[in-house]
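The exercises below concern a ligand and the space it takes. Work through each task before reading its solution.

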Amino acid sequence: MKEAIAQLPEGIRERLTQAGRLADESGLDLYLVGGTVRDLLLGRARMDIDLAVDGDGMGFASRLARKTEGRYTPHPRFLTATVDLPEGNSLDVATARGETYEQPGALPRVAPAPIDVDLARRDFTINAMAVSLNGRSFGNLVDPFNGRGDLRSRLVRILHDRSYIDDPTRLFRAVRFEQRLRFRLERGTERRFREAVSGGMIGNLSGPRLLEQLRLICVEPDPWPVFNRLERLDALKAIHPGLASDDGLKTLVQEISQSGDLASSTYDGWWILYLVALFRPRRQETLHGIVERLKPNRRLRKAIEDMSGWSRVEQAVESGRIDTPADFYRAVRTISEDTILFLALTHPDEAVRSRCETYYHHHRHARLSIDGGTLKELGIPEGPAYGQILDEVLSMKINGEIGTAEEERRAARDLWSRLHRLGA
Ligand code: ATP
């Protein structure tokens, strides 16, 4: 394994050696574990480094943070801590632990345990390896389930037959790794997968845990093959009978992922767009059922629900009741920005896409530089006309009829004169 570690950037390598020395001084065993070892053996770059200590991981992390002048953040509920190093990387340090499952699908009971017990509670053989960082054994691979062999054969394999029953989130993890790495589910692992699905194990997962698995799929570089494989393994309809992955979804996912810089650079809702795509062509009752099952947070729930409200806007555009950009702004301003972006990226009608795109980029945050105070300065008497004037000036601004603050003031004055003449 020394050769694999040698591929790491020098800065990280030095930190790992330093951590190993500190472990020696503390009389603890320290290991690289899990996905870090898997990706190291596959030669895949990764930013986060996972460490496990055969002993008090949080105490060790705190000392490591002091030694490296890093920042220490403990997560006592999980017996883990993060050390953010001054150069920007971070190390996640866990206390090696064993787990017992009292109820299928529920979270396990956790207690500190030696590394071999820690590896035995993991999901797949390729994720159940450790590499020693202590001086005397630096680079030695601990691989009790032949994960290295499975990496060579490109197989995702569970560690024991009850694995999916203990934790059905592993069903989703299995397909995520399989598709990301272009591996295959090992035969017995696929058989147990199908048995777990037909045995209703997905039903044992709470809505939020299930939704988190769907979110993790959506942040993969290519989510569609994962959804497609879940479909073929009957796992999507086990979430809700109305869910399916089809060519329509494939096209939507492609459109979203190829959208380049259409969203703003700070946009953080890509996963929401993929989920809206997955839920989109469904009937109202199905959507309702999906929301009931997954219990999404407010933002996702609104994005899903606004997709059904959208058809009213579509009809109004088609019938000509929505014409100018300001009309469009008023019709959609309460619709979630995720839904609007989704439509801007995927709507079959180019004109609708372009309206949504313009709204998203230019009008969504439209504000006037004048307000009630300005109207007062202009000598307009306070009253209900204020709302009407400001609203009208905003429409003119969105429609591109005016631009500068001075033009807004002038428009407000003209509008007031007109209203005044009409006896407002
Ligand atoms: P990624 O590359 O997506 O970050 P990862 O392998 O690092 O993948 P994490 O979800 O960060 O995955 O988990 C870290 C490690 O913890 C895994 O490699 C695996 O050994 C273990 N693990 C995570 N989730 C489970 C689970 N549900 N059951 C058993 N072991 C798990």
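**Exercise 1.** How far from an oxygen atom of the ligand does a backbone N or O atom of Asn127 lie?

*Solution.* The model is predicted, so local features need pLDDT of at least 70 and side-chain atom pairs count only at pLDDT 80 or more, while totals for chains, interfaces and linings use all residues. Residues are numbered from 1 along each chain as its sequence is written, and side-chain values use heavy atoms, with hydrogens and water left out.

Step 1. For Asn127, the distance is 2.9 Å, which falls under the definition of a polar contact (a pair of N or O atoms within 3.5 Å).

Step 2. Gly35 also places a backbone N or O atom by a ligand oxygen, at 3.1 Å.

Step 3. With Asp167, a polar side-chain atom lies 2.8 Å from a ligand nitrogen.

**Exercise 2.** Describe the shell around the ligand by class and by element.

*Solution.* Step 1. The shell divides into one nonpolar, four polar and ten charged residues (Ala, Val, Leu, Ile, Met, Phe, Trp, Tyr, Cys and Pro count as nonpolar, Asp, Glu, Lys and Arg as charged, the others, Gly among them, as polar).

Step 2. α8 gives the most, six residues; helices are DSSP runs (H or I, at least four residues) numbered from the N terminus.

**Exercise 3.** By class, which residues make up the lining of the largest pocket?

*Solution.* The lining has 16 nonpolar, eight polar and 20 charged residues. A pocket is an open set of points on a 1 Å grid over the protein atoms alone, where a 1.4 Å probe fits, with protein on both sides within 12 Å along at least five of seven lines; lining residues have an atom within 4 Å of a point.

Note on methods:
A polar contact is a pair of N or O atoms within 3.5 Å; within protein, one must be able to donate a hydrogen and the other to accept it, and residues adjacent in sequence count only if both atoms are side-chain atoms. Helices (H or I, at least four residues) and strands (E, at least two) are DSSP runs, numbered from the N terminus.
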